[in-house]
Amino acid sequence: MSSLHLGPGSTEPSRVDGLLRLYSMQYCPFAKRVRLVLRAKNIEHDIVNINLTKKPDWYLQINEKGQVPTLLDNGKFYFESLDIADYLDEKYPDRNPLYPSDPVQKAKDQEVIKTLIAPLLGALGKFTYSQPPLSAENSVSLLLPPAQKLDDELAARGTTFFSGEQPGMIDYMLFPFAERVGLIPLKLGEKLPIKDTDLPNLRAWRKAIVETPVIKETLTPIDKVWSLYQARFKGEEPNYDL
């Protein structure tokens, strides 16, 4: 296991037979998706953090794109956060299943992740990396519509979380990005100009989920995430070991 982010000249820490290994980056929301699933299902594993700016050669032999997350299980590698999350839920069905047992409802949940969460991620990425920064008005036009669709979906379900009265797969796939809402005023230099009455269901969802044990124990300090973005904007090397 490596808490530091490994880069060129490093060697991969020794693997333990039978123990799952997650290749991650502490502040990557896609990797955090998998970390949340592992924690929610109480699956024993170790973590090797990767420097995504200066990637070690040995990791590029594992994942030629150099992306995280990557999961190693019994000598086989798995890629992409959603695929890994689904794999873990299927492999450990008796450990806090994160999808409904009804296959029709499970398919609906998977569709929500693909068709409602994905557009919000795209909008957040465009907002975050836009240079020069978008205006407040353009930011609202970009971010509010996909967020509203998720708010409507949660309202239609009539539950505290998307998965019911306890968080499930939809919730864990969304939260690492919802957590980054705190970047918006830092990027804009002001609060996003939306009404306090907008997105009432998502606001209540976020307030509730940050009090659940899995989330509460893994909250990411937004100031540290912002410092990584600032380094990138300035053309500096980010310090992942903040």
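This is a predicted model: local features need pLDDT of at least 70, side-chain atom pairs count only at pLDDT 80 or more; totals for chains, interfaces and linings use all residues.
**Ground rules.** I number residues from 1 along each chain as its sequence is written, and I leave hydrogens and water out, taking side-chain values from heavy atoms.

**Annotated span.** I looked up the UniProt record, an unreviewed entry, which places "domain: GST C-terminal" at residues 102-242; UniProt positions are in the numbering used here, feature names are shortened, and annotations may be inferred rather than shown by experiment. I find this span to be 65% helix and 0% strand, with its end C-alpha atoms 43 Å apart. Helices here are DSSP runs (H or I, at least four residues) and strands are E runs of at least two, numbered from the N terminus.

**Cores.** I searched for nonpolar cores, meaning sets of buried Ala, Val, Leu, Ile, Met, Phe, Trp, Tyr and Cys residues joined through side-chain atoms within 4.5 Å, where buried is under 20% relative accessible area, exposed over 50% and partly exposed in between (1.4 Å probe, protein chains only). The largest has 53 residues, and Leu-88, Leu-150 and Trp-205 have the most contacts inside it. Helix 4 (residues 103-129) gives the most to this core, with 9 residues. The core lies between domain 1 (2-91) and domain 2 (103-211), because both give residues to it; the bounds come from an automatic or database domain assignment. Apart from this core lies another, of 19 residues, including Tyr-23 and Trp-226.

**Helix 6.** Is helix 6 enclosed or open? I find 10 of the 10 residues of helix 6 (residues 169-178) buried, so this helix is largely enclosed by the rest of the structure. Its cover includes helix 1 (29-40), helix 3 (81-91) and helix 8 (200-209), counting contact as heavy atoms within 4.5 Å. Trp-205 touches Asp-171, Leu-174, Phe-175 and Ala-178, among others, not counting residues up to four places away in sequence.

**Helices 5 and 8.** The axes of helix 5 and helix 8 come within 7 Å and cross at roughly 75°; axes are lines fitted to C-alpha atoms, for helices over the stretch in contact, with angles from 0 to 180 degrees between N-to-C directions. I therefore record helix 5 and helix 8 as roughly perpendicular, the class for 65 to 115 degrees. Residues meeting there include Leu-150 and Leu-154 in helix 5, and Leu-202 and Trp-205 in helix 8.

**Pro-133.** Pro-133 is in the loop between helix 4 and helix 5 and counts as partly exposed, at 43% relative accessibility.

Definitions and conventions
Angles under 35 degrees count as roughly parallel, over 145 as roughly antiparallel, 65 to 115 as roughly perpendicular and the rest as oblique.
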